[in-house]
Amino acid sequence: MKVAIVHYWLVGMRGGEKVIEALCELYPEADVFTHVYRPERISPIIRSHRVTTTFIDRLPMAHRMYQKYLPLMPLALEQLDLSAYDLVISSESGPAKGVLTRPDALHVCYCHTPMRYVWSGYHDYLHSAGPMIRPLMPYAIHRLRQWDLATAARVDRFIANSETVAKRIWRVYRRDSTVINPPVETRRFATAEPPGDHYLFVSQLVSYKRADVAIEAFNRMGRKLVVVGEGEEYRRLKQMAGPTVELLGHCSAEELDRQYAACRALIFTANEDFGIVPVEAMAAGRPVIALNRGGATETVRDGMSGLFFDQQTPEALIEAVQRFEAQERRFNPTVIQAYAARFDRSVFKARLRETIDSWVNGEEPALAPARAAANDARGRELAPA
């Protein structure tokens, strides 16, 4: 069976690229297709495969400003010739699933989320766009939204990375999905005893991650907060950071591991699709203080591996930190680490291989529980008396 793996862009090793890396291990002979490729920032496992780019990679400044070429990516995808491949696995949160496949090929889409630019995050991106781009966005995104809906029909099976995303897939595409959480290398993390005196925030510094909420809360409390990450918000956040807040920018994997091990707790303010960072912190034995929305509600166990706050505000976070400090001793690093192991890379690979093999053999998928329950209820409504 000849396999193609399609990813939106390969410019760094974040959560989506970790999925591609695991897919490359599962299918060592697979070819990889992407819009933009920066091999110096990609792992040796992915680099060992043949990587083919679309014409986007050859456009001016594409390696740094690839997102500006978003309106051209549907056309670029459809120029890829995948007629030789029996199994196509697309990795979607940017344009990837719109490839054209052979009629008898199986197309499986691993969906991190329906494209954030055109759906859940559209207004955030519109408001943050520059004055020259903003007037063009509504028309361009409207057309991209139509294309994205149409290309859902090109996918045979959807896999969602969380129950949260499974619900989005149903809302946007009206398609069922099977939930398989993304891989986390939980075994690589160690914990430190006793922990340090600071809290930790790890994220790409873009607006929807709401690092400003964490920084403002810790400014007011006078508690120590270490912020790891880079992005378009870095300068603004650096200016608002008080004397107890330190922005480290980009860190190596080794330094990040040390930061996880040494912190009192991770602060997580984003409404994420899944959220690998909380799982990494838990793998290091550290509790998570998380917003009670999105993927974190599926990974953090309240009272055992962390606790939640309900509003994306400094006030709500301050109250949660105070609650945490009142019960900090109840959070057992060994118990938290054991709990995090259920998200290990080996679990992901085993579940993904088993699921795809069953589809190759013509078996029906297991639906996301929320959709399965809805189907059962609908069936009872329609059943004859």
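Me: Strand S1, residues 3-7: how many of its residues are buried?
Reply: In this predicted model, 5 of the 5 residues of strand S1 are buried, which leaves the strand mostly covered.

Me: Which residues lie on each side of S1?
Reply: Val3, Ile5 and His7 are on one side, and Ala4 and Val6 are on the other. Both faces are covered, as these residues are all buried. In a regular strand, side chains alternate between the two faces of the sheet.

Me: Which way does S1 run relative to S4, and how many bridges join them?
Reply: S1 and strand S4 (residues 87-92) run parallel and are joined by 5 bridges. Within S4, serine 91 is the bridge partner of histidine 7.

Me: And what about S2: how many bridges does S1 form there?
Reply: There are 4 bridges between S1 and strand S2 (residues 31-34), again in the parallel sense. Here histidine 7 has threonine 34 as its bridge partner.

Me: What unit do S1, H1 and S2 make?
Reply: Together with helix H1 (residues 15-26), the strands S1 and S2 make a β-α-β unit, and this unit is right-handed.

Me: Changing topic: where is glutamate 272?
Reply: Glutamate 272 is in the loop between strand S11 (266-268) and helix H11 (276-283).

Me: Why does glutamate 272 count as buried?
Reply: Its relative accessible area is 9%, and buried means under 20%, so glutamate 272 falls in that class.

Me: Which residues does glutamate 272 touch?
Reply: Leaving aside residues up to four places away in sequence, glutamate 272 touches Arg116, Thr164, Arg168, Tyr208, Lys209, Gly294 and Gly295.

Me: What is the phi of arginine 174?
Reply: The phi of arginine 174 is near 55°, a positive value in a residue other than glycine. Arginine 174 lies in the loop between helix H7 (163-173) and strand S7 (178-179). With a relative accessibility of 51%, arginine 174 counts as exposed, because the exposed class is over 50%.

Me: And arginine 210: what is its phi?
Reply: Arginine 210 is not a glycine either, yet has a positive phi of about 60°. The loop that holds arginine 210 is between strand S8 (198-202) and helix H8 (211-221). Arginine 210 is partly exposed, at 26% relative accessible area.

Me: What is the mean pLDDT of the chain?
Reply: The mean pLDDT is 90, and 93% of the residues reach 70 or more. Over residues 370-385, however, the pLDDT is below 50, and this stretch has 7 contacts in the model beyond near neighbours in sequence. Where pLDDT is low, the predicted coordinates should not be read in detail.

Notes:
Residues numbered from 1 in each chain as written. Predicted model: local features only at pLDDT ≥ 70, side-chain atom pairs only at ≥ 80, totals over all residues. Heavy atoms only, no water. Buried < 20%, exposed > 50% of the residue type's maximum accessible area, 1.4 Å probe, protein only. Helix = DSSP H or I, 4+ residues; strand = E, 2+ residues; numbered from the N terminus. Pairing = 2+ DSSP bridges. Right-handed = clockwise from strand over helix to strand, strands pointing away. Contact = heavy atoms within 4.5 Å. pLDDT = per-residue confidence, 0-100.
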